[in-house]
Amino acid sequence: MKHDFTSVQNIYIICGKTDMRKGIDGLATLIQDSFKLDPYSDSIFLFSGWSKDRYKCLYFDGDGFAMLYKRLDNGKLQWPKDEKEVRNLSQQELRWLLEGLLLQQPKAIAKSEKGVF
């Protein structure tokens, strides 16, 4: 099972620590009850626990939920700490996060707005 998630509408990161013992039903309930989001939407939801060397990804693909669980062999994620926050990430921020970088890269070149000449 290999999916291309680059066309997913939203990528949400659940900040802070999540109980990594939760399965699909527990994570979907957390998404609905705590953050008032729809787990059935075209969205990826990311969770991490205490150690920051593992994460879970929850996605509804139209006929059921898929959950990815990954444990890093070397290194830790720079997971945001605010327990009550959920963030909508861009594809680039997701790449940074999964490469062990901070979500905000101050030296990255920001996208420009249209200028007036």
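This is a predicted model: local features need pLDDT of at least 70, side-chain atom pairs count only at pLDDT 80 or more; totals for chains, interfaces and linings use all residues.
1. Let me start with Arg-54: setting aside neighbours within four places in sequence, Arg-54 is in contact with Met-20, Phe-47, Ser-48, Gly-49, Tyr-69, Lys-70, Arg-71 and Leu-77. Contact here means heavy atoms within 4.5 Å. Arg-54 lies in strand E3 and, at 24% relative accessibility, counts as partly exposed. The cut-offs are under 20% relative accessible area for buried and over 50% for exposed, with partly exposed in between (1.4 Å probe, protein chains only).

2. Residues are numbered from 1 along each chain as its sequence is written, and side-chain values use heavy atoms, with hydrogens and water left out.

3. Now the overall layout. The chain has 2 helices and 5 strands, running β-α-β-β-β-β-α from the N terminus. Helices (H or I, at least four residues) and strands (E, at least two) are DSSP runs, numbered from the N terminus. Its C-alpha atoms fill a box of roughly 55 × 35 × 30 Å along the principal axes. Of the 117 residues, 35% are buried. Take the contacts between residues at least 6 apart in sequence: 57% of them join residues at least 24 apart.

4. Helix H1 deserves a look. It covers residues 24-35, 12 residues in total, and reaches 16 Å from first C-alpha to last, close to the expected 16 Å. That expected span is 1.5 Å times one less than the number of residues. Buried in H1 are Leu-27, Ala-28, Leu-30, Ile-31 and Phe-35. They sit on the same side of H1, because the arc they cover around the axis is only 155°; the arc is taken over the directions from the helix axis to the C-beta atoms. The background is that an α-helix has 3.6 residues a turn, so residues three or four places apart point the same way. What covers these buried residues includes strands E1 (10-14), E2 (43-48), E3 (54-60), E4 (65-71) and E5 (86-89).

5. Two lysines have a backbone angle worth checking. Lys-36 follows H1 and lies in the loop between H1 and E2; its phi is near 55°, positive in a residue other than glycine. Lys-52, in the loop between E2 and E3, has a phi near 60°, again positive in a residue other than glycine. Lys-36 counts as exposed, at 67% relative accessibility, whereas Lys-52 counts as buried, at 14%.

6. Over in helix H2 (residues 91-98) we find Arg-95. Arg-95 is partly exposed, with a relative accessible area of 45%. The C-alpha atoms of Arg-95 and Ile-31 are separated by 22 Å, and the two residues are 64 apart along the chain.

7. Last, the second largest pocket, with a volume of about 190 Å³. Its lining is Ser-90, Gln-92, Glu-93, Trp-96, Leu-103, Gln-104, Gln-105, Ala-108, Ile-109, Ala-110 and Lys-111. On a 1 Å grid over the protein atoms alone, a pocket is an open set of points where a 1.4 Å probe fits, with protein on both sides within 12 Å along at least five of seven lines; lining residues have an atom within 4 Å of a point. The volume is the space filled by probe spheres set on the points, which are joined across faces, edges and corners. By class, the lining has 5 nonpolar, 4 polar and 2 charged residues. Ala, Val, Leu, Ile, Met, Phe, Trp, Tyr, Cys and Pro count as nonpolar, Asp, Glu, Lys and Arg as charged, and the others, Gly among them, as polar.
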